[in-house]
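This report covers selected local features of one protein chain. The sequence and structure come first, followed by notes grouped by residue and element.

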Amino acid sequence: IIDKLIPINKYNRPGSKSTPKRICVHYTRQAGTDADRLALFYSNVATGRFPNKPNNWTSTQYIVGLNGKVIRVVPDNETAYAASGKNAGTLHIEVCYSKASGEFETASMSAPRRMGQKYNISAGNVLRHYDLTGKYCPWYYVDENRWAVLHEYITSAAVDQKNLYRVQVGAFSSRENAEQYMNKVKAAGFGAFIVEVDNN
């Protein structure tokens, strides 16, 4: 991990204390942009270079580069501005990617996994920006099946790259009933998602 901490400022590093209880995964929205460039952007925001752009009141704790390089711009025990109203207790991780689809490189996916292990964060508390605020971030992983694969990679103690094993906990003819049960499973601390299948 390379520290390029931005100074405490009113824009994106308030300096307020926060204990990591969950991880939130983000994407940069710019295919091909690497970690150093994003770190420079946050630094420029911190120094007030973009004061008239309200969407730039933004930051993260970590930026993961295309080759897995990790840069920290806000300390783990401080709040970052990355998910409106949901930042307290959250460790934010921005992941860089090269594909236009937004799919992450394998080298980039290990950093969220290491952070989860470091703070003993349960699988149910490894989330997407989408889960916290409804924002379509990370775009490629808003799809529940894709997220399930990435989530499994991040949260499993050991990962078999060829096989993914899942446990089905229910089958419903009504999506509403399926969502109610999924919410109970999530409330119990497990990752859960719904898969729709054809009539047979």
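## Histidine in α4

H151 lies in helix α4. The coordinates come from a predicted model. H151 counts as buried because its relative accessibility is 9%, under the 20% limit. Leaving out residues up to four places away in sequence, H151 touches A123, V126 and G191. With V126 there is also a polar contact: a polar atom of the H151 side chain lies 3.3 Å from the backbone oxygen of V126.

## Nonpolar cores

The largest nonpolar core has 23 residues. Those with the most contacts inside this core are I23, V25, I93, F104, Y141 and L150. At least two residues each come from β2 (22–27), β3 (62–64), β5 (90–95), α2 (106–118) and α4 (144–155). Helix α4 gives the most, with four residues. Apart from this core lies another, of 12 residues, including A39, A46, A80 and C96.

Y141, one of the residues with the most contacts inside the largest core, touches G102, E103, F104, M109, R128, R146, W147 and L150, not counting residues up to four places away in sequence. Two of these, F104 and L150, are also listed among the residues with the most contacts in that core.

Six of the six residues of β5 are buried. In a regular strand the side chains alternate between the two faces of the sheet. In β5, T90, H92 and E94 lie on one side and L91, I93 and V95 on the other, and both faces are covered.

Strand β5 runs parallel to β2, and six bridges join the two. One of the pairs is R22 with its bridge partner T90. Strand β3 also pairs with β5 in the parallel sense, over three bridges. There, Y62 has I93 as its bridge partner.

## T90

T90 is found in strand β5. T90 counts as buried because its relative accessibility is 2%, under the 20% limit. The C-alpha atoms of T90 and I23 are separated by 5.7 Å, although the two residues are 67 residues apart along the chain.

Beyond its neighbours within four places in sequence, T90 is in contact with S18, R22, C24, Q61 and L132. A polar atom of the T90 side chain lies 2.9 Å from the backbone oxygen of K86.

## Helix α2

The buried residues of α2 are S108, M109, A111, P112, R113, M115 and G116. Their cover includes β2, β3, β4 (70–72), β5 and α4. M109 is also one of the residues that Y141 touches. After α2 comes N120, with a positive phi near 55 degrees.

## Cysteines

How many disulfides are counted? The count comes to zero. A disulfide is a covalent bond between the sulfur atoms of two cysteines. For C24, the closest cysteine sulfur is that of C137, 6.9 Å away and therefore too far for a bond. From the side of C137, the closest cysteine sulfur is in C24, at 6.9 Å, again too far for a bond. The cut-off for a disulfide is 2.5 Å.

Are C24 and C137 buried or exposed? C24 is buried, with a relative accessible area of 0%, and C137 counts as buried at 3% relative accessibility. C24 is also among the contacts of T90.

Note on methods:
Residues are numbered from 1 along each chain as its sequence is written. This is a predicted model: local features need pLDDT of at least 70, side-chain atom pairs count only at pLDDT 80 or more; totals for chains, interfaces and linings use all residues. Side-chain values use heavy atoms; hydrogens and water are left out. A nonpolar core is a set of buried Ala, Val, Leu, Ile, Met, Phe, Trp, Tyr and Cys residues joined through side-chain atoms within 4.5 Å. Buried means under 20% relative accessible area, exposed over 50%, partly exposed in between (1.4 Å probe, protein chains only). Contact means heavy atoms within 4.5 Å. A polar contact is a pair of N or O atoms within 3.5 Å; within protein, one must be able to donate a hydrogen and the other to accept it, and residues adjacent in sequence count only if both atoms are side-chain atoms. Two strands pair if DSSP finds at least two bridges between them.
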